[in-house]
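Please open the model in a viewer and keep the sequence panel at hand.

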Amino acid sequence: MSSSPVKRRLGLALSGGGTRGLAHIGILQAFEEGGLRPDYLSGTSIGAFAAALYAFGVPLEDIRSVGQGMSPVNVSKLQLSRFALFSNEELARLIQSKIGKARIEEALIPLAIMAVDIGTGEKLVLRQGEVAPAVMASNAVPGIYRPVTIDGRMMVDGGIVEDVPISPLRPMGADTVVAVNLSADRKYRQPEDIIDILFNAFDIAIDEDTRTQIKAADVLIEPRLSDFRRMDVSQIDALIAEGYRAAAASIEKIRDALARPADGDAASVAPPCR
């Protein structure tokens, strides 16, 4: 008597990209309408924001409402210091308005948030601890937002080391990995101020590594977002629509990848780590 096939487990990596990350809402909507539910989620920067809320069961319409209020004026508090120009504490309050002081390990969908220890350069895959500070850390673009200290470690935006956070998913248990890269067709803009210079420098630094890292995905979703400004939420509907379009075009590829026979021994599940 033959045994029934082992179901392949789906991991979804959501990348950074400033407010262009609102496209993640459309991507998740296309997944839902296509009958796909991630078994594991990982996120970097704005991708950590979307992944965290979705992992705790926040409806997409509620995520959209929160995202609509994520203009730089609303989430950035001028706080000049020797480390940065702004604080992004308001981002934590937005998270807490939906899930309170929930901890990462309590997520309905297992969740990993990408950050980096700016003092050592170590990549940090956050699988434990309060969600809101972890999302703040993952969004703390160096020089712009104040680093976030968690357990004595000064953390900043995980995009420095892995903007499309694929690497945590297979150790978590994923057999099929789908990655969302919001910067596939990025066009750098002529800077108008110090903020533009810092963001351009950050983007230039991470793009080469991203092109190598995304090769590890089974299916890659790359919305066309070069015409959208990094810090502009006024085109939220168009961003969501483009995310939806790109994901809907990939649903059959994802189904095909999930239909492949899984290995007899499932990937070992890594323990929660910092």
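A residue is called partly exposed when its relative accessible area lies between the limits for buried, under 20%, and exposed, over 50%. Asp 218, with a relative accessible area of 31%, is therefore partly exposed. The model on display is a predicted one.

**First stop: Arg 170 and Asp 218**

Arg 170 belongs to helix α8 (residues 169-172), whereas Asp 218 sits in the loop between α9 (194-213) and β11 (219-221), so the pair ties together parts that are 48 residues apart in sequence. Arg 170 has a relative accessible area of 30% and is thus partly exposed. In the whole structure, a search finds 12 salt bridges.

**Second stop: Arg 64 and Asp 237**

Select Arg 64 together with Asp 237. This salt bridge has its closest N and O atoms 2.3 Å apart. Arg 64 lies in helix α3 and Asp 237 in helix α10 (residues 236-248), so parts that are 173 residues apart in sequence are tied together by the pair. Is Arg 64 buried or exposed? Its relative accessibility is 16%, so Arg 64 counts as buried.

The axes of α2 (residues 46-55) and α3 (residues 60-68) come within 10 Å and cross at roughly 145°. The crossing is right-handed. Which residues make the contact? From α2, select Phe 49, Ala 50, Leu 53 and Tyr 54; from α3, select Leu 60, Ile 63 and Val 66. By class, the contact comprises seven nonpolar residues, with no polar and no charged ones.

Move to Asp 117 and Arg 153, which form a salt bridge with the closest N and O atoms 2.8 Å apart. Asp 117 is in strand β5 (residues 111-117) and Arg 153 in strand β9 (residues 153-157), so the pair ties together parts that are 36 residues apart in sequence. Asp 117 has a relative accessible area of 6% and is buried, whereas Arg 153, at 22% relative accessibility, counts as partly exposed.

Val 116 has Val 156 of β9 as its bridge partner. Next, select strand β8 (residues 148-150), which also pairs with β9 in the antiparallel sense, over three bridges. Here Ile 150 stands opposite Arg 153. Two residues separate the strands of the β8 and β9 hairpin, in which Asp 151 takes a positive phi near 50°.

**Last stop: strand β1**

Finish with β1 (residues 10-14), where five of the five residues are buried. Leu 10, Leu 12 and Leu 14 are on one side and Gly 11 and Ala 13 on the other, so that both faces are covered. Display strand β10 (residues 176-180), which pairs with β1 in the parallel sense over five bridges; Leu 10 stands opposite Thr 176 in β10. Then display strand β2 (residues 40-44), which runs parallel to β1 and is joined to it by four bridges. Ala 13 stands opposite Ser 42 in β2.

Terms used
Residues numbered from 1 in each chain as written. Predicted model: local features only at pLDDT ≥ 70, side-chain atom pairs only at ≥ 80, totals over all residues. Heavy atoms only, no water. Axes fitted to C-alpha atoms, helices over the stretch in contact; angles between N-to-C directions. Left-handed = near helix turned anticlockwise from the far one by under 90°. Contact = heavy atoms within 4.5 Å. Nonpolar A, V, L, I, M, F, W, Y, C, P; charged D, E, K, R; others polar. Salt bridge = Lys/Arg side-chain N within 4 Å of Asp/Glu carboxyl O. Buried < 20%, exposed > 50% of the residue type's maximum accessible area, 1.4 Å probe, protein only. Pairing = 2+ DSSP bridges.
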